[in-house]
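Q: I have a chain open on my screen and would like to talk it through with someone. Could we go over it step by step?

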Amino acid sequence: MINHSEVQNKDRLIKGLLEVVKDIQLRYQAEDDEEKQWLIQNSPNPAVTELVKEMTVMMLHVLDAIGKLEPVNGITISKQYGYSKGSISKITRKLVDKQIIRFEYLPDNKKEVLFRTTSLGKEIYRLHEALHHQIDIGVNRFLQRYNEDELSFLVNALSETLHTSWVYSETKEESIAPSQRAARTKEEIDNDKTLRTLSDTEEMNEIMVMLNKLDSHNLKKAKAILNDTFFNSSK
């Protein structure tokens, strides 16, 4: 038999999690402004300050990629950081226009464009690195409050989230080998079927988006890509 009390409790907890995720979304949207203010306040010179004010989060992350890999082409940035080629092309043009990066060509291949930071670009890159160092310290301090078991759970939950589609979600029953599936009780299977519909809601899509943001560096890049591609296309 289905344990209705357990199902109701899980449903209540999931709804509570969804509410927290929505609150996290609002906080991280505000945090972009907080980070921008940190960069402005800690800027080494007025020229950098003015450039930072005009830069989007996506522009900062593409500059970060160039600063780490220079000289580097757009294809390499796209492959290593998961940015679309179209986004790289659009952002690098903006960075060149603002004299934050510059083009460079190989002597024997004029078709291949490489990117390098300018002196101003290097200053912004170092400033952005300092910001992420500050964030890493804060994240580490925050996570120290959890024990090893709790941290292991967080790592596993977030890792599974990164590799799970809420649109074409695989149920537990489908992921279990046939030899093991036969040993499962009818109650377990019925419970899975009852909970299965919860993963098909729009709120679960929000979980996928938001949990991808709960990282101090790489996952914040994913958020920047989403914002720039889908929500800030006019910039």
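Predicted model: local features only at pLDDT ≥ 70, side-chain atom pairs only at ≥ 80, totals over all residues.

Q: OK, and which residue forms a salt bridge with Glu54?

A: The partner is Lys98, and the closest N and O atoms of the two are 2.8 Å apart. This pair links distant parts of the chain, since Glu54 belongs to helix 2 while Lys98 sits in the loop between helix 5 and strand 1, 44 residues apart. Lys98 also counts as partly exposed, because its relative accessibility is 28%.

Q: How many salt bridges does the structure hold?

A: There are eight salt bridges in the structure. Another one of them joins Lys15 to Asp11, with the closest N and O atoms 3.8 Å apart.

Q: Where are Lys15 and Asp11 placed relative to each other?

A: Both are in helix 1, and because they are four residues apart there, about one helical turn separates them. As for Asp11, a relative accessibility of 24% means that Asp11 counts as partly exposed.

Q: What about Asp64 and Lys68, how do their side chains meet?

A: They meet in a salt bridge, with a distance of 2.9 Å from N to O. Asp64 and Lys68 lie in helix 3, four residues apart, which is about one turn of the helix.

Q: Is Asp64 buried or exposed?

A: Asp64 is buried, because its relative accessible area is 1%, and the cut-off for buried is under 20%. Lys68, in contrast, counts as partly exposed, because its relative accessibility is 37%. Salt bridges that share partners also bring in Glu129, so that Asp64, Lys68 and Glu129 are joined into one network.

Q: Let's zoom out. How many helices and strands does the chain have?

A: The chain has 12 helices and two strands. If you read along the sequence, the pattern is α-α-α-α-α-β-β-α-α-α-α-α-α-α.

Q: How do strand 1 and strand 2 pair?

A: They pair in the antiparallel sense, over six bridges, and together they form a hairpin with two residues between them. To see one of these bridges on your screen, look for Tyr105, whose bridge partner in strand 2 is Val113.

Q: And what share of the residues counts as buried?

A: Of the 235 residues of the chain, 33% count as buried. The accessible surface comes to about 14900 Å², and 53% of this surface belongs to carbon and sulfur atoms.

Q: Which residues in the largest nonpolar core touch the most other members?

A: This core has 28 residues, and those that touch the most other members are Met55, Val62, Leu63, Ile77, Leu95, Ile100 and Ile124. Two or more core residues come from each of helix 1, helix 2, helix 3, helix 4, helix 5 and helix 6. Helix 3 gives the most, with seven residues.

Q: Now the outside. Which residues form a nonpolar patch on the surface?

A: The patch is formed by Val139, Phe142, Leu143, Phe153 and Leu154, which together have about 410 Å² of accessible area. Helix 6 and helix 7 each give two or more residues to the patch, and helix 6 gives the most, with three residues. Val139 is placed in helix 6, and this residue counts as partly exposed because its relative accessibility is 31%.

Q: Where is Gln99 found?

A: Gln99 is found in the loop between helix 5 and strand 1. With a relative accessibility of 57%, Gln99 counts as exposed, because the cut-off for exposed is over 50%.

Notes:
Residues numbered from 1 in each chain as written. Heavy atoms only, no water. Core = buried A, V, L, I, M, F, W, Y, C linked by side-chain atoms within 4.5 Å. Buried < 20%, exposed > 50% of the residue type's maximum accessible area, 1.4 Å probe, protein only. Patch = residues over 30% accessible without salt bridge, like charges linked within 9 Å, V, L, I, M, F, W, Y side chains within 5 Å. Areas by Shrake-Rupley, 256 points an atom, 1.4 Å probe, with all protein chains shown as cover. Salt bridge = Lys/Arg side-chain N within 4 Å of Asp/Glu carboxyl O. Pairing = 2+ DSSP bridges.
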